[in-house]
Amino acid sequence: LAASLQAAREAGVPIVAIDPRMGTLASFADEWMAVNPGTELALLLALCNQLIRDGRYDKAFVEANAEGFGEWAAAIDGCTAAWAQDITGVESYRIESLAARIAEAAPRVALEYGNGRIGGTAYANSGETARAVCLLNTLAGAWNQPGGALMPHDYAAVSFQAAVPP
């Protein structure tokens, strides 16, 4: 993980860490959002909601790859940056700014959970948090895009250099 993060940093790839701890990922990050422990899900839902409200998501990708989008968007309508601020401890303007950064970078954005793997953390809502990460990657149209979120069939063939071409 550290070698991949160092290579990304040296290549000028922006890294944002959302983590209550100053761990490996946060130590390489350009920006660290120190959320209250276990509240990553609230921040992710607010990011998703912000992208939808602003119309800054990949509508064609969502249309082609998702079912039930309208119902889900309605269900998270109250998950605003202001709502998440009270839960996560991260200021609403920082959440709104991160949503804008994601929209600007998409589809060359990789949103990951649990230090580079989806799942496997210690909170009761970890499964839902992993789902929210997947949904945020979907809104960004990032799946299997160069510089985006990769779900390869051949994990041995994936390297930082293959994922982020010069």
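Select Pro 107 to begin, and you will find this residue in the loop between helix H7 (92–105) and helix H8 (126–139), where a helix is a DSSP run of H or I with at least four residues, a strand is a DSSP run of E with at least two, and both are numbered from the N terminus. What you have on screen is a predicted model, in which local features need pLDDT of at least 70 and side-chain atom pairs count only at pLDDT 80 or more, while totals for chains, interfaces and linings use all residues. Residues are numbered from 1 along each chain as its sequence is written, and side-chain values use heavy atoms, with hydrogens and water left out.

Ala 142 counts as buried because its relative accessibility is 0%; buried means under 20% relative accessible area, exposed means over 50%, and partly exposed lies in between, with a 1.4 Å probe and protein chains only. Leaving aside residues up to four places away in sequence, Ala 142 touches Pro 107, Val 109, Asn 137, Gly 148 and Ala 149, a contact being heavy atoms within 4.5 Å.

Now select Asn 144, found in the loop between H8 and helix H9 (160–163). Is Asn 144 buried, partly exposed or exposed? With a relative accessible area of 46%, Asn 144 is partly exposed. Although Asn 144 is not a glycine, its phi is positive, at about 55°.

Next, select helix H3 (residues 40–54) together with helix H6 (residues 81–88), whose axes come within 9 Å and cross at roughly 170°. Such axes are lines fitted to C-alpha atoms, for helices over the stretch in contact, and the angles run from 0 to 180 degrees between N-to-C directions. The crossing makes H3 roughly antiparallel to H6, since angles over 145 degrees count as roughly antiparallel, those under 35 as roughly parallel, 65 to 115 as roughly perpendicular and the rest as oblique. To see the contact itself, show Ala 42, Leu 43, Leu 45, Ala 46 and Gln 50 of H3 with Ala 81, Trp 83, Ala 84, Ile 87 and Thr 88 of H6. By class, this contact has eight nonpolar, two polar and no charged residues.

Stay in helix H3 and pick out Gln 50, which is buried, with a relative accessible area of 14%. Which residues does Gln 50 touch, not counting residues up to four places away in sequence? They are Ala 81, Glu 96 and Ala 99. Gln 50 and Asp 77 are 27 residues apart in sequence, and their C-alpha atoms are 9.1 Å apart in space.

Finally, select the whole protein, which has nine helices and two strands, arranged along the sequence in the pattern α-β-α-β-α-α-α-α-α-α-α. Buried residues make up 40% of its 166 residues. Colour the model by pLDDT, the predictor's confidence in each residue, from 0 to 100; the mean for the protein is 85, and 83% of its residues reach 70 or more. Look with care at residues 116–120, over which pLDDT stays under 50.

Methods
Ala, Val, Leu, Ile, Met, Phe, Trp, Tyr, Cys and Pro count as nonpolar, Asp, Glu, Lys and Arg as charged, and the others, Gly among them, as polar.
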